[in-house]
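Dear colleague,

Here is the structure I promised to pass on.

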Amino acid sequence: MILRRTTGKHDQGGDAAPERDAGVTAQPPEEVERLAAIAREQRLESLLLETKQKERLQRALYALSDLASRDIGRTAMLRNAHRIVRTLMYAKNFFIALYEREARTITFPYFADIHDLEFPDPDEALTEDAFPNSLTVAVLRQGKPLMGPSASLRAHLGIPPDPRRGPDSTDWLGVPMVSDGRVRGAVVVQCYDNSARFTEENRDLLSYVAQHMLIALDRRQAQVDLERRVEIRTAELAATNRELVVQVRERELGERLQAALFRIAEVTSTTSSMHEFYAALHSVVGELLYARNFYVALLVDDDQALDFPYAVDEIDPGSFFKRTLLRRGLTDLVLRRGTPLLAPRHAIERLQDEGEIERLGAPAE
């Protein structure tokens, strides 16, 4: 074996210094530090922006949750929800569609659009077949988000243009609202000019917000259903209480009436004169109802005249209640008809206007 001694850079048995690549110039330490500082600043700015976005999203979710518990109507709640979404992304044109798969119906509880001015009735359930060429229906059926220019989305899905569905948008974004694996609705935003373009971040954000919006709607509906059940139950209890009150009053009145009849039977045998009997009768009736003005009228002279064996009145004098021929007064009307009469002032005046009676004595209320 022949051993050769090397010379040059590998002499002395030491490691050779690596040769630098041609054309690469070593940067001064100051420049390296400056670039590193810029990189750190950019990372901090990115982290700060991400933190602010998360904080803004968290505030929006808290606000959505708070809406469900506030005592406001559904329309006001959704209007506030729209305002919250607009703090997160471009959402000037925004609507919500709720879907009933079994009934195949769609309702639009909220609709805001600067170009499509034909707003659907928020309480009207529209059949799914009424929207054969709708991107919204496509989102509801597929249960997946759709994003892009509406014309491009229709071309991709094989959906023909339909002017009834409103104007085309330069960018369209729709996300499903899903609960327990079932599509319950969709949230849609769209832009008609070049002022905005939706991104995957917008899509993910709107999907996240849509689920919280569905929770808010469900909580609101559960609250409405509970209030309705409470109202129904309260009405049922009130009706039951009214029936009980009526039964108690009827029983009390029946007892008072029975006692009054016993007293009338008693005074019939204990009074010594008819005047005394009528006075006792007046006292008994006064315990049952208002009877400060009270008289008894009897038909006499072959039913051609009235006799008043007893009369007490606060206004009309005793001479008014003397025997007299029949006249067209209230008493005569009761006798002609043979039925009871309960008549407040306006009913009495109407009877006078109709010629049924004539005014006799002081007008009664």
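The model is a predicted one, in which local features need pLDDT of at least 70 and side-chain atom pairs count only at pLDDT 80 or more, while totals for chains, interfaces and linings use all residues. Residues are numbered from 1 along each chain as its sequence is written, and side-chain values use heavy atoms, with hydrogens and water left out.

The strands β7 and β8 pair in the antiparallel sense over six bridges, where pairing requires that DSSP find at least two bridges between two strands. Helices (H or I, at least four residues) and strands (E, at least two) are DSSP runs, numbered from the N terminus. In the hairpin that β7 and β8 make, four residues lie between the strands, and Asp 301 takes a positive phi near 55°. On β8 there is also an antiparallel pairing with β9, over two bridges, and there Ala 305 stands opposite Leu 325.

Tyr 295 comes up again in the largest pocket, where Asn 293, Tyr 295, Leu 330, Thr 331 and Ala 364 are, of the 43 lining residues, those nearest the centre. The elements giving two or more residues to that lining are β7 (294–300), β8 (305–312), β9 (324–325), α7 (330–337) and α8 (345–353). The space in this pocket is about 1,500 Å³, a volume being the space filled by probe spheres set on grid points that are joined across faces, edges and corners. On a 1 Å grid over the protein atoms alone, a pocket is an open set of points where a 1.4 Å probe fits, with protein on both sides within 12 Å along at least five of seven lines, and lining residues have an atom within 4 Å of a point. The lining has 26 nonpolar, six polar and eleven charged residues, with Ala, Val, Leu, Ile, Met, Phe, Trp, Tyr, Cys and Pro counted as nonpolar, Asp, Glu, Lys and Arg as charged, and the others, Gly among them, as polar.

Elsewhere in the chain, six strands form an open antiparallel sheet in the order β3-β2-β1-β6-β5-β4, and its edge strands, β3 (126–127) and β4 (146–148), each pair on one side only. Within this sheet, β1 (residues 93–100) and β6 (residues 182–191) pair over six bridges, and Ile 96 stands opposite Val 187 in β6. Helix α5 (residues 200–270) lies across β1, β4, β5 and β6 and runs at about 40° to β5; the angle is taken, on a scale from 0 to 180 degrees, between N-to-C directions of lines fitted to C-alpha atoms, for helices over the stretch in contact, and contact means heavy atoms within 4.5 Å.

Helix α3 (residues 135–142) is largely enclosed by the rest of the structure, because six of its eight residues are buried, that is, under 20% relative accessible area with a 1.4 Å probe and protein chains only. Those buried residues are Leu 135, Thr 136, Val 137, Ala 138, Val 139 and Leu 140, and what covers them includes β1, β2, β4, α4 (150–157), β5 and β6.

Lastly, Leu 67 lies in helix α1 (residues 29–69) and, at 3% relative accessibility, counts as buried. Leaving aside neighbours within four places in sequence, Leu 67 is in contact with Ile 72, Met 77, Asn 80, Ala 81 and Ile 84.

With best wishes

Definitions and conventions:
Buried means under 20% relative accessible area, exposed over 50%, partly exposed in between (1.4 Å probe, protein chains only).
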